[in-house]
Amino acid sequence: MVSELVWRVGDVSLVCGPRTLVMGVLNVTPDSFSDGGRFFGERAAVDRAIEMVDEGADIVDVGGESTRPGSDPVPVAEELRRVIPVVENLAAHVAAPISVDTRRAEVARAALAAGAVIVNDVTAGRDPEMFDAVREGRAGYVAMHMRGEPKTMQRAPVYDDVVAEVTEFLRERVEAAGLAGVETDRIAIDPGIGFGKDLEHNLSLLRRVDTLVALDRPVVVGPSRKRFIGTLLDDAGEDERLEGTIGVASWLAARGAHVVRVHDVLEVSRAVRVVDAIARAPG
Ligand code: HH2
């Protein structure tokens with residue numbers, strides 16, 4: 001059995017625990033590592049979001065800036081231009097809660113005003129205004145761990161004890177957001193698979209995901225099509241990582257993670273439904 005937590009996002013209460021929730025990735029960027037360019041047009045983005053909800057997405061996560069290793073930051077005006085019309089359109093057409101994947105408070109504020117209810121922040125609040133934006137917008141919040149910056153984060157990252165360090169970082173970020181007035185039941189945590197971590201770091205964090213679950217906040221994990229899966233599968237390309245992604249999502253479902261962030265919503269939803277029936281039923 002997985003303990004039940006309520007994650008408040010806007011006026012919605014997402015029940016985390018009885019089943020694994022699926023966050024569908026919608027990158028409205030020309031350059032994201034696996035789906036860049038595919039959903040860049042507004043119509044294509046809305047169609048894909050509707051499809052993802054039909055496929056089982058509980059949350060749709062819209063991102064306008066790629067944070068893949070080696071990527072350059074996007075000017076804020078460009079990020080706003082990419083994200084806000086899509087969020088507005090989705091808020092009108094999609095029943096699932098909409099999340100905005102941004103590290104900028106300005107983008108978060110505009111997206112919340114346009115109808116998003118979650119801010120997914122890969123920097124866990126490096127923008128000094130971010131916690132204020134989340135509090136004022138009554139948003140749900142994902143605080144993710146990243147070592148360094150996307151441009152350079154994969155240059156030989158070093159930890160003494162990656163699980164302990166990431167856990168302590170996230171614990172401290174929940175506390176910092178709380179001190180800034182963000183209610184604790186609005187905050188989720190994410191170990192940031194692939195963000196300043198090598199293969200062994202990623203595997204350790206996945207192996208010990210129970211350490212994060214023990215922090216009593218919803219745990220979000222984004223393994224989808226990431227490089228570590230390719231590395232484990234004889235350098236499989238991004239379009240050859242579906243089975244590996246399903247494997248990781250199933251592991252996470254069995255170990256009590258609350259939300260998996262994935263591109264392949266249909267396949268992963270179906271896999272975690274089966275795992276949940278085994279791992280999360282009472283008795
Ligand atoms: N991973 C990516 C982006 N945002 N957010 C959370 N909370 N957790 C993650 O693991 C995570 C994330 C990177 O993946 P993707 O969005 O597919 O690629 P890109 O950054 O190139 O757009």
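Visitor: Which residues lie nearest the centre of the second largest pocket?
Guide: This is a predicted model. In it, Arg38, Arg48, Arg225, His263 and Asp264 lie nearest the centre of that pocket, which is lined by 14 residues.

Visitor: Which elements give two or more residues to that lining?
Guide: Helix 1 and helix 10 do. The largest share, 4 residues, comes from helix 1.

Visitor: How do the residues of that lining divide by class?
Guide: The lining of the second largest pocket has 8 charged, 5 nonpolar and 1 polar. The space in this pocket is about 160 Å³.

Visitor: And what is the volume of the largest pocket?
Guide: Its volume is about 560 Å³. The largest pocket is lined by 33 residues, and those nearest its centre are Phe33, Arg68, Pro69, Phe195 and Lys226.

Visitor: How many residues of each class are in that lining?
Guide: There are 13 polar, 11 charged and 9 nonpolar residues in the lining of the largest pocket. Helix 6 (199–207) and helix 8 (227–232) each supply at least two residues, and helix 8 gives the largest share, 3 residues.

Visitor: Back to helix 1, please. What span should its 14 residues have?
Guide: Helix 1 covers residues 42–55, and at 1.5 Å a residue it should span 20 Å.

Visitor: Which of the residues in helix 1 are buried?
Guide: They are Ala45, Val46, Arg48, Ala49, Met52 and Glu55.

Visitor: What comes just after helix 1?
Guide: Glycine 56 does, and this residue takes a positive phi of about 125°.

Visitor: Now for valine 86. Is this residue buried or exposed?
Guide: Valine 86 is found in helix 2. It has a relative accessible area of 2% and therefore counts as buried, the cut-off being under 20%.

Visitor: Which residues does valine 86 touch?
Guide: Leaving aside residues up to four places away in sequence, valine 86 touches Leu26, Val28, Glu42, Ala45 and Val62. Valine 86 and alanine 45 are 41 residues apart along the chain, while their C-alpha atoms are separated by 7.0 Å.

Note on methods:
Residues are numbered from 1 along each chain as its sequence is written. This is a predicted model: local features need pLDDT of at least 70, side-chain atom pairs count only at pLDDT 80 or more; totals for chains, interfaces and linings use all residues. Side-chain values use heavy atoms; hydrogens and water are left out. The expected span of a helix is 1.5 Å times one less than its number of residues. Buried means under 20% relative accessible area, exposed over 50%, partly exposed in between (1.4 Å probe, protein chains only). On a 1 Å grid over the protein atoms alone, a cavity is a set of points where a 1.4 Å probe fits but cannot get out, and a pocket is an open set with protein on both sides within 12 Å along at least five of seven lines; lining residues have an atom within 4 Å of a point. Grid points are joined across faces, edges and corners, and a volume is the space filled by probe spheres set on the points. Ala, Val, Leu, Ile, Met, Phe, Trp, Tyr, Cys and Pro count as nonpolar, Asp, Glu, Lys and Arg as charged, and the others, Gly among them, as polar. Contact means heavy atoms within 4.5 Å.
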